[in-house]
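Please keep the sequence and the model in view while reading.

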Amino acid sequence: MKNIFKDLEKKKVLIAISYALFSIFLVGNFIFFISKTSTSSFVPSVFFSEGYDNEPIANVGTFITDADENVESSIISFLNDLYDTRNESFTTGNVEELYKFYDTSQTFSCYSLNHEFKRIAYLRDWANERDVTFKNIESIPKIKALKIKDNTYNLTLSEEYKFDYIYNNVPEKVNSFGVSLIHTLELKEFGKSFIVTKDYYQDCFEGGLEGYNFNLTEKIFL
């Protein structure tokens with residue numbers, strides 16, 4: 001009987017030793033193959049940053065869905081309409097059509113609209129002082145980040161301006177310059193579209209705007 005127990009104990013010891021040796025074998029092989037693997041086989045993090053740094057992002061922290069893409073398209077359509085109207089105001093001086101894009105019952109929105117009025121008046125004076133006429137102004141808005149909560153849309157937005165102008169004494173030569181703006185923008189749903197409740201940004205004209213006083217003859221909302 002004692003011999004039977006001794007044989008069982010020996011078998012258990014042999015099995016335990018076998019498992020240990022097998023585990024050591026697997027770990028050794030794993031380390032060996034890792035050490036032989038070229039680092040070029042792994043995808044570097046820069047691959048991802050270069051591929052996506054300049055892509056628009058919707059609903060940060062969530063997957064982009066078809067519904068999100070529809071929202072982006074609707075927002076871009078609204079902003080194109082707003083910026084086309086504003087850019088036309090640079091050449092005509094008529095700002096009355098801008099009111100419909102802003103919620104003038106909100107303080108931040110009134111501030112944003114008043115800032116647009118100031119920029120329009122300033123750039124017209126700036127051009128007149130230099131005997132310059134703006135021929136065409138275009139803007140391209142691109143959504144960089146978008147968060148949606150309770151029908152409020154908070155955006156980080158890039159806007160690329162392009163100004164075409166002439167010197168009045170050389171009307172045949174069209175010149176151009178560009179301005180890039182980053183907006184912190186807030187929109188709310190309004191009917192089937194949107195309305196601006198806040199729009200903050202800074203651009204190259206900011207220094208001239210600080211001490212600039214202006215007077216527009218269109219409607220006054222404040």
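**Charge over a ring, and the surface around it**

Lys198 sits over the face of Phe108, 6.0 Å from the ring centre. The model is a predicted one.

- Tyr200 is part of strand S4, which covers residues 193–200.
- With a relative accessible area of 32%, Tyr200 is partly exposed.
- Gln106 is in the loop that runs between H3 and helix H4 (107–129).
- Gln106 is partly exposed as well, since its relative accessible area is 40%.
- Gln106 and Val196 are separated by 90 residues in sequence. In space, their C-alpha atoms are 9.5 Å apart.

**Overall fold**

- The protein chain has 5 helices and 4 strands.
- Read from the N terminus, the order of elements is α-α-α-α-β-β-β-β-α.
- The protein chain has 222 residues, and 33% of them are buried.
- Take the contacts in the protein chain with a separation of 6 or more: residues 24 or more positions apart account for 61% of them.
- The accessible surface of the protein chain is about 15,000 Å². Carbon and sulfur atoms hold 56% of that surface.

**Aromatic pairs**

- The structure contains 16 aromatic pairs.
- Phe90 and Tyr161 have ring centres 6.4 Å apart and planes at 70°, so this pair is edge-to-face. The cut-off for that class is over 60 degrees.
- The pair joins distant parts of the chain, with Phe90 in helix H3 (residues 66–92) and Tyr161 in strand S2 (residues 152–167). Phe90 and Tyr161 are 71 residues apart.
- Phe90 and Tyr161 are both buried.
- Trp126 and Phe134 make a stacked pair. Their centres are 6.4 Å apart, with 10° between the planes.
- Phe134 has 8% relative accessibility, so Phe134 counts as buried.
- Ring pairs join a cluster of Phe90, Trp126, Phe134, Tyr161, Phe163, Tyr165, Tyr167 and Phe177.

- Asn175 is in strand S3, residues 170–190.
- Is Asn175 buried or exposed? Asn175 is buried, because its relative accessible area is 14% and the cut-off is under 20%.
- Leaving aside residues up to four places away in sequence, Asn175 touches Phe163, Asp164, Tyr165, Ile166 and Tyr167.
- Among these contacts, Phe163, Tyr165 and Tyr167 are also members of the aromatic cluster.

**Salt bridges**

- The structure contains 6 salt bridges.
- Side chains of opposite charge can pair when their charged atoms come close.
- Glu116 and Arg86 are both buried.
- Arg86 also forms a salt bridge with Glu159. Their closest N and O atoms are 2.5 Å apart.
- Which elements does the pair of Arg86 and Glu159 tie together? Arg86 lies in helix H3 and Glu159 in strand S2, so the pair connects parts 73 residues apart in sequence.
- Arg86 and Glu159 are both buried.
- Glu116 forms a salt bridge with Arg119 too, at 3.9 Å from N to O.
- Glu116 and Arg119 both belong to helix H4. They are 3 residues apart, about one turn of the helix.
- Glu116 and Arg119 are both buried.
- Salt bridges link Arg86, Glu116, Arg119 and Glu159 into a network.

**Where the topics meet**

- Helix H4 holds Glu116 and Arg119.

Conventions
Residues are numbered from 1 along each chain as its sequence is written. This is a predicted model: local features need pLDDT of at least 70, side-chain atom pairs count only at pLDDT 80 or more; totals for chains, interfaces and linings use all residues. Side-chain values use heavy atoms; hydrogens and water are left out. Rings of Phe, Tyr and Trp (its six-membered ring) pair if their centres lie within 6.5 Å; planes under 30 degrees apart count as stacked, over 60 as edge-to-face and the rest as tilted. Helices (H or I, at least four residues) and strands (E, at least two) are DSSP runs, numbered from the N terminus. Buried means under 20% relative accessible area, exposed over 50%, partly exposed in between (1.4 Å probe, protein chains only). A charge sits over a ring if NZ of Lys or CZ of Arg is within 6 Å of the ring centre and within 35 degrees of the ring normal. Contact means heavy atoms within 4.5 Å. Accessible areas come from the Shrake-Rupley method with a 1.4 Å probe; for residues, only the protein chains shown count as cover. A salt bridge is a side-chain nitrogen of Lys or Arg within 4 Å of a carboxyl oxygen of Asp or Glu.
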